[in-house]
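Please keep the sequence and the model side by side while reading.

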Amino acid sequence: MNHRLRDVFITRTRIIQHLRHLLDSRGFLEVETPMLNMIPGGATAKPFITRHNDLNMDLYMRVAPELYLKMLVVGGLDRVYEIGKQFRNDAIDMTHNPEFTTCEFYWAYADYHDLMNFTETIISSIVYSVKGSYKVEHHPDGPEGKAVEIDFTPPFRRLPMIPSLEEAIGQKFP
């Protein structure tokens with residue numbers, strides 16, 4: 001067996017298990033929403049169209065679970081999430097696959113500070129759980145290329161958006 005590929009599958013499983021544990025332990029409810037829909041919705045990506053033979057109708061494969069998850073929040077479930085496949089009939093290249101797995105969650109009454117803190121917890125704890133350290137080696141030019149160390153030790157640096165962008169591009173926004 002290809003050990004590198006085997007490690008990818010094991011790492012993916014560990015990431016999803018840890019993510020589920022984090023969300024469940026904070027009172028989020030995992031749900032499953034429809035994969036096939038009568039209308040496209042949830043994102044601006046182009047959907048795949050499939051055919052339901054018994055119903056004699058075309059259906060759209062989902063591009064995001066967003067609309068159904070928001071309906072559940074409005075219906076009284078304050079914290080919901082779904083880990084599942086999305087299908088987007090857009091460009092394909094080395095970094096874009098038309099079929100991929102996402103985790104989407106919604107949290108009623110949370111503000112952007114809550115979401116930044118929780119996102120920091122999600123990312124840093126998953127890295128630590130999978131790697132045994134907050135620091136990981138990344139090879140942006142492939143396994144034979146130069147390694148770059150990325151440090152996920154919390155707290156993450158927080159930057160104000162507009163001034164930081166202006167500084168990065170060397171221009172002021174109007």
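The count of aromatic pairs comes to six, where rings of Phe, Tyr and Trp (its six-membered ring) pair if their centres lie within 6.5 Å, and where planes under 30 degrees apart count as stacked, over 60 as edge-to-face and the rest as tilted. The model is predicted, so that local features need pLDDT of at least 70 and side-chain atom pairs count only at pLDDT 80 or more, while totals for chains, interfaces and linings use all residues. Residues are numbered from 1 along each chain as its sequence is written, and side-chain values use heavy atoms, with hydrogens and water left out.

**Aromatic cluster**

- Phe 28 and Phe 118 form a stacked pair, with 5.7 Å centre to centre and 0° between the planes.
- Phe 28 lies in the loop between α1 and β1 whereas Phe 118 lies in helix α3, so this pair ties together parts that are 90 residues apart in sequence; helices (H or I, at least four residues) and strands (E, at least two) are DSSP runs, numbered from the N terminus.
- Phe 105 and Phe 118 form an edge-to-face pair, with 5.6 Å centre to centre and 80° between the planes.
- Because Phe 105 lies in strand β6 and Phe 118 in helix α3, the pair ties together parts that are 13 residues apart in sequence.
- Phe 118 counts as buried at 4% relative accessibility, and Phe 28 is buried too, whereas Phe 105 is partly exposed, with a relative accessible area of 21%; buried means under 20% relative accessible area, exposed over 50%, and partly exposed in between (1.4 Å probe, protein chains only).
- One aromatic cluster is formed by Phe 28, Phe 105, Trp 107 and Phe 118.

- An open sheet of three strands has the order β1-β5-β6, with mixed pairing, two strands being paired if DSSP finds at least two bridges between them.
- The edge strands are β1 (29-30) and β6 (99-107), each of which pairs on one side only.
- β1 pairs with strand β5 (residues 79-87) in the parallel sense over two bridges, and the bridge partner of Glu 30 in β5 is Tyr 81.
- Helix α1 (residues 3-25) lies across β1, β5 and β6 and runs at about 155° to β5; axes are lines fitted to C-alpha atoms, for helices over the stretch in contact, and angles run from 0 to 180 degrees between N-to-C directions.

- Strands of a sheet pair through backbone hydrogen bonds, either parallel or antiparallel.
- Strand β2 (residues 36-37) and β4 pair in the antiparallel sense over two bridges, with Met 61 in β4 as the bridge partner of Leu 36.
- β3 and β4 pair in the antiparallel sense over four bridges, and here Thr 50 has Leu 59 in β4 as its bridge partner.
- β3 and β4 form a hairpin with four residues between them, and Asn 56 in the turn has a positive phi of about 55°.
- Asn 56, in the loop between β3 (49-52) and β4 (57-61), is exposed, with a relative accessible area of 57%.

**Helix α3**

- α3 has 20 residues and reaches 28 Å from its first C-alpha to its last, close to the 28 Å expected at 1.5 Å a residue, the expected span being 1.5 Å times one less than the number of residues.
- At the start of α3, a side-chain oxygen of Asp 111 reaches to within 3.0 Å of the backbone nitrogen of His 113.
- The buried residues of α3 include Phe 118, Ile 122, Ile 126 and Val 130, and the buried residues of this helix pack against α1, β6 and β7 (135-138), contact meaning heavy atoms within 4.5 Å.
- Gly 132, whose phi is positive and near 75°, follows α3.

**Loop backbone features**

- Tyr 109, found in the loop between β6 and α3 (112-131), has a phi near 70°, a positive value in a residue other than glycine.
- Tyr 109 counts as exposed, at 76% relative accessibility.
- The peptide bond from Pro 154 to Pro 155 is cis, with omega near 0°, and Pro 155 has its place in the loop between β8 (148-151) and α4 (161-169).

Terms used: A polar contact is a pair of N or O atoms within 3.5 Å; within protein, one must be able to donate a hydrogen and the other to accept it, and residues adjacent in sequence count only if both atoms are side-chain atoms.
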